[in-house]
Amino acid sequence: MGHLEQRNLNTTRERLRDQVAHHLRAALISGELRPGEVYSAPGLAEDFNISATPVREAMLDLAREGLVEPVRNKGFRVTEVNERDLDQFTEIRTLIEVPMVGRITRTASRTDLEALRPVAEEIVRAARDHDLIGYLEADRRFHLSLLALSGNERLVETVGDLRKRSRLYGLTGLDERDQLIPSAEEHIELLDLMVAGDAEAAERCTARHLGHVRSLWADGAEKNPSVPRGRRVRLDSR
């Protein structure tokens with residue numbers, strides 16, 4: 001009770017669960033829900049002014065994504081990710097994604113690559129508009145759709161799981177300092193290199209981008225441990 005800013009939700013059961021999950025993800029990103037803290041479904045339900053059932057269902061969805069973990073008879077603990085975890089996630093992603101981007105550059109059609117441009121532009125637009133949920137969702141779609149051009153579904157699943165486990169928390173401070181924009185613009189740079197057929201440059205860009213993302217994780221954790229009163233991430237319904 002008292003954890004989250006009041007929200008207005010659609011009361012249709014199917015939509016309600018999705019909306020609650022969406023707002024909880026936003027609260028994780030903004031820092032309203034803190035890593036390591038345990039939150040109960042009934043307590044969060046009071047903030048939403050709804051029953052505990054859809055909140056519990058939404059929290060279970062987040063648990064499957066690795067964002068929270070169930071705590072018996074208490075609720076759900078927001079997953080903590082330490083520096084060693086982040087280093088290992090980045091190393092694995094680099095080993096997978098850098099050579100795969102090179103291969104895709106050599107084999108994918110220009111038409112398939114250009115189809116990703118609206119998503120790359122959406123990432124930049126979301127960063128400039130301070131839409132953190134939009135930023136992360138478009139970023140996920142871009143990277144996983146790009147890797148899907150390899151035709152390797154298991155690879156896409158593996159990278160998707162790594163992304164969930166290393167999800168950025170407390171992005172508000174970085175957003176306020178416009179530090180997300182350079183990372184967002186790298187997606188367009190990467191796509192331009194791939195469309196031009198420059199596989200080696202695309203690999204270098206991917207490696208630089210993943211290193212940039214890793215530095216954002218560290219900067220976000222160090223400089224934005226909480227959200228000041230009155231500052232809330234945008235929670236547009238999607």
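**Entry 1: Asn 49**

I looked up Asn 49 and found that it counts as exposed, at 63% relative accessibility. My cut-offs here are under 20% relative accessible area for buried, over 50% for exposed and partly exposed in between, with a 1.4 Å probe and protein chains only. Asn 49 is not a glycine, yet its phi is positive, about 60°. It sits in the loop between α2 (41–48) and α3. For the element names I use DSSP runs numbered from the N terminus, with helices being H or I of at least four residues and strands being E of at least two.

A note on the source before I go on: this is a predicted model, in which local features need pLDDT of at least 70 and side-chain atom pairs count only at pLDDT 80 or more, while totals for chains, interfaces and linings use all residues. Residues are numbered from 1 along each chain as its sequence is written, and side-chain values use heavy atoms, with hydrogens and water left out.

**Entry 2: the chain as a whole**

I counted eleven helices and three strands in the chain. Read from the N terminus, the elements go α-β-α-α-β-β-α-α-α-α-α-α-α-α. Of the 238 residues, 50% count as buried. I also checked contacts, meaning heavy atoms within 4.5 Å. Among those with a separation of 6 or more, 75% come from residues 24 or more positions apart.

**Entry 3: the sheet**

In what order do the three strands stand in the sheet? I read β1-β3-β2, in an open sheet with antiparallel pairing. β1 (38–39) and β2 (68–71) are the edge strands with a single partner each, so one side of each has no neighbour in the sheet. Two strands pair if DSSP finds at least two bridges between them. β1 and β3 are joined by two bridges, and one pairing I looked up there puts Val 38 with Arg 77 of β3. β2 is joined to β3 (residues 75–78) by four bridges, again antiparallel. On that side Pro 70 stands opposite Phe 76.

Buried or exposed, I wondered, is Asn 73? It counts as exposed, at 75% relative accessibility.

**Entry 4: Phe 76**

Back to Phe 76, which lies in strand β3. Its relative accessibility is 7%, so Phe 76 counts as buried. I left aside neighbours within four places in sequence and listed its contacts: Glu 37, Val 38, Tyr 39, Arg 56, Met 59, Leu 60, Val 68, Glu 69, Pro 70 and Val 71. I also checked Ser 40, which is 36 residues away from Phe 76 in sequence but 6.3 Å away in space, C-alpha to C-alpha.

Helix α3 (residues 52–64) lies across β2 and β3, at about 120° to β2. Axes are lines fitted to C-alpha atoms, for helices over the stretch in contact, and angles run from 0 to 180 degrees between N-to-C directions.

**Entry 5: α4 against α10**

Next I looked at α4 (residues 83–107) and α10 (residues 180–195), which pack at about 45° with axes 9 Å apart. They are therefore oblique to each other; under 35 degrees would count as roughly parallel, over 145 as roughly antiparallel, 65 to 115 as roughly perpendicular, and the rest is oblique. Val 101, Ile 104 and Thr 105 of α4 make the contact with Leu 190, Leu 193 and Met 194 of α10. I sorted these residues into five nonpolar, one polar and no charged. For that sorting, Ala, Val, Leu, Ile, Met, Phe, Trp, Tyr, Cys and Pro are nonpolar, Asp, Glu, Lys and Arg are charged, and the others, Gly among them, are polar.

α6 (residues 117–128) has twelve residues and reaches 17 Å from first to last C-alpha, close to the 16 Å expected at 1.5 Å a residue. The expected span is 1.5 Å times one less than the number of residues. I found buried residues in α6, including Arg 117, Ile 123 and Val 124. Just after α6, His 130 takes a positive phi of about 60°.

α7 (residues 132–148) has 17 residues and reaches 24 Å, close to the expected 24 Å. Twelve of the 17 are buried, so α7 is largely enclosed by the rest of the structure. Among the buried ones I noted Asp 139, Phe 142 and His 143.
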